[in-house]
Amino acid sequence: MNGTAMRLPVITSCTACGACCLVVTAPPFQRVFDGEGEEAWERLRRERPDLVDAIVADARARRQAGIPSYGTPCSWFEPATRACRHYDHRPRACRDFAIGAIDCHDARRRAGIDATAFDP
Ligand code: SF4
Ligand code: SF4
C-alpha cells in the first residue's frame with residue numbers, strides 16, 4: 001500500500017453521489033447497436049423496449065448532430081436525486097463499477113466530491 005491509498009476515505013454508499021454517471025452520456029451497454037447485446041441489454045429489450053428505443057434514438061440524434069457520445073451525464077441519471085432512474089436495468093459496466101475502488105475515487109474527485117483525496 002502506498003501513501004496515496006492510505007489517505008483515501010472509505011466509501012460505503014453511493015447515495016447522493018452518482019459521480020461515475022456524469023460522463024458516460026448514455027447507459028454503457030455493450031454491443032447495443034448490432035442487435036446482440038449483453039444480458040442486461042437483452043433483458044431491457046424484452047422488458048422495456050421503450051427505453052431501448054429512446055437510447056437508440058438519442059444515439060442517432062447525437063451522431064447526426066455530430067455530438068460526442070461521451071463527456072456528459074448519462075441519460076438515465078436523475079440530477080435531483082443523483083441516482084439512476086432505471087437502476088434495476090443498469091448495464092453490466094455499472095454493476096461492475098466497484099464502490100471505493102480507485103476509479104470510484106477518481107470519479108468523485110472529478111465531480112468535486114472528496115476533492116482532497118489525492119492531495120499530497
Ligand atoms: S462514484 Fe463511487 S460512490 Fe459514487 S456512485 Fe459511483 S461507485 Fe458509487
Ligand atoms: S445506467 Fe444508471 S448507473 Fe449506469 S451510468 Fe447511467 S445513470 Fe449511472
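A residue counts as buried if 20 or more other C-beta atoms lie within 10 Å of its own, exposed if 12 or fewer, and partly exposed in between. Keep that in mind as you explore this predicted model.

**Start with the whole chain.** Colour the protein by pLDDT: the mean is 87, and 82% of the residues reach 70 or more. Now select residues 1-5, where pLDDT stays under 50. For this stretch the model has two contacts beyond four places in sequence.

**Next, select Arg-82.** You will find Arg-82 in the loop between strand S1 (77-78) and strand S2 (83-84). Arg-82 is not a glycine, yet its phi is positive, at about 55°. Because it has 18 C-beta neighbours inside 10 Å, Arg-82 counts as partly exposed.

**Compare Ala-16.** This residue sits in the loop between helix H1 (3-7) and helix H2 (39-47). Ala-16 also has a positive phi, of about 60°, without being a glycine. Its 9 C-beta neighbours inside 10 Å make Ala-16 count as exposed.

**Move on to helix H5.** Select residues 102-110 and pick out His-105, Ala-107 and Arg-108, which are buried. Look down the axis of H5: the buried residues fall within an arc of 160°, so they line one face of the helix. Just after H5, stop at Gly-112, with a positive phi of about 85°.

**Finish at the ligands.** Around ligand 1 you will meet Ala-107 and Arg-108 again, along with others including Cys-14, Cys-17, Cys-20 and Cys-104. That shell has nine nonpolar, one polar and one charged residues. Around ligand 2, look for residues including Cys-21, Cys-74, Trp-76, Cys-84 and Cys-94. Here the shell divides into nine nonpolar, no polar and one charged.

Definitions and conventions
Residues are numbered from 1 along each chain as its sequence is written. Chains are lettered from A and ligands numbered from 1 in the order in which they are written. This is a predicted model: local features need pLDDT of at least 70, side-chain atom pairs count only at pLDDT 80 or more; totals for chains, interfaces and linings use all residues. A residue is near a molecule or strand if its C-beta atom, placed from the backbone, lies within 6 Å of it. Ala, Val, Leu, Ile, Met, Phe, Trp, Tyr, Cys and Pro count as nonpolar, Asp, Glu, Lys and Arg as charged, and the others, Gly among them, as polar. pLDDT is the predictor's confidence in each residue, from 0 to 100. Two residues are in contact if their C-beta atoms, placed from the backbone, lie within 7 Å. Helices (H or I, at least four residues) and strands (E, at least two) are DSSP runs, numbered from the N terminus. The arc is that of the directions from the helix axis to the C-beta atoms.
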